[in-house]
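Here is a short report on one protein chain. Please look over the sequence and the structure before reading on.

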Amino acid sequence: MREWSEAVQWLLGRLAAAGVRGVPRWHGVDVQGREVLDFLPGVVGTYPVPEQARRDSALTSAARLLRSLHDATAPLPDKTAHPWQTPPVEPVEVICHGDFAPYNCVFQGGETTGVFDFDGAHPGPRCWDLAYAVYRFAPVSTVEAPDVPDVPGQARRVRLFLDAYGRTRDERRDVVDAFGPRLLALVAFMRAAAARGDPNFARHIEEGHADLYLRDVEHFEAHRATWDRVVVG
């Protein structure tokens, strides 16, 4: 239980009431003070990302799942009335998952069937959540790994994700424009949390996560013409 647990419980309750599938339901707190949630069956997309989580079908179904989360929270009138871990990002449109990535999703038969770990949820614009989602799912990165395609391949998968979500041309541009600010905000958040004594974020920084995000921002900016041509169109 954390200071923001009440906000996450509220969110999961609203998603359940809206009939959103693929999201764990909250069942209370046990005698040891631990939250009890549904188990989501499937393969988790931890690194190295399993083959079925790298398929285009996993990408497009992930986009549709994220769209369902956003659509369910868009009409909620009290999105900013809860103590979220991360402050709201303007303009507030939906409740962002905040960490929508393969490692927080489950996959079955090459489809994304569920998402968990809502600790990073917070109010914000759709493009803010989408920028991080495509960063992780394409992925858009300088890392050399089997799941990381070349730049044209990265751009193709970003466009595929955004098309499956249902973004218009102008809305795709909003996501492209949000990419750098979204990762820079993450680096700032990590550094602030580490400075406050959070051991997890201190370890992440020590392991080079923040440096990777900064390199990936440079990578994204270096290939901006490709994103504009393929992603925005």
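## A buried aspartate

A salt bridge here is a side-chain nitrogen of Lys or Arg within 4 Å of a carboxyl oxygen of Asp or Glu.

D99 sits in the loop between β4 (94-96) and β5. Helices (H or I, at least four residues) and strands (E, at least two) are DSSP runs, numbered from the N terminus. Not counting residues up to four places away in sequence, D99 touches N104 and Y132. Contact means heavy atoms within 4.5 Å.

## Basis of the model

This is a predicted model: local features need pLDDT of at least 70, side-chain atom pairs count only at pLDDT 80 or more, and totals for chains, interfaces and linings use all residues. Residues are numbered from 1 along each chain as its sequence is written, and side-chain values use heavy atoms, with hydrogens and water left out.

## The nonpolar core

In soluble globular proteins, nonpolar side chains tend to be buried together. A nonpolar core is a set of buried Ala, Val, Leu, Ile, Met, Phe, Trp, Tyr and Cys residues joined through side-chain atoms within 4.5 Å. The largest one has 64 residues. L15, L69, F100, F118 and F161 have the most contacts inside it. Elements that give two or more residues to this core include α1 (5-17), α2 (56-73), β5 (105-108) and α3 (126-137). The largest share, nine residues, comes from α5.

F118 contacts V8, L11, L12, L15, V23, P24, L69 and H97, leaving aside neighbours within four places in sequence. V23 lies in the loop between α1 and β1 (26-29). V23 is buried, at 10% relative accessibility. The C-alpha atoms of V23 and F116 are 6.4 Å apart, although 93 residues separate them along the chain.

α5 has 27 residues. From first C-alpha to last it reaches 40 Å, close to the 39 Å expected at 1.5 Å a residue. The expected span is 1.5 Å times one less than the number of residues. α5 bends by about 40° at A178, and a proline, P181, follows within four residues. The bend is the angle between axes fitted to the seven residues ending at a position and the seven starting there. Buried residues of α5 include R172, F179, L183 and M190. Their cover includes α3, α4, α6 (199-206), α7 and α8. After α5 comes G197, with a positive phi near 100°.

α4 has 15 residues and reaches 21 Å, close to the 21 Å expected. Among its buried residues are V151, V158, F161 and Y165. The buried residues of α4 pack against α2, α3, α5, α7 and α8.

## Salt bridges between helices

Side chains of opposite charge can pair when their charged atoms come close. The count comes to twelve salt bridges. D56, R156 and R157 are linked in a network. D56 pairs with R156, the closest N and O atoms being 3.1 Å apart. This pair links helix α2 to helix α4, 100 residues apart. D56 also meets R157 in a salt bridge (3.1 Å, N to O). R157 is buried, at 9% relative accessible area, whereas R156 is partly exposed at 40%.

D177 forms a salt bridge with R224, with closest N and O atoms 2.5 Å apart. D177 lies in helix α5 and R224 in helix α8, so the pair ties together parts 47 residues apart in sequence.

## Backbone exceptions

Most residues other than glycine have a negative phi, and most peptide bonds are trans. D117 has a positive phi of about 60° although it is not a glycine. D117 lies in the loop between β6 (111-115) and β7 (122-124).

A cis peptide bond joins Y47 and P48, with omega about -5°. P48 is in the loop between β3 (43-44) and α2. Another cis peptide bond joins E90 and P91, with omega about -5°. P91 is found in the loop between α2 and β4.

Technical notes: Buried means under 20% relative accessible area, exposed over 50%, partly exposed in between (1.4 Å probe, protein chains only).
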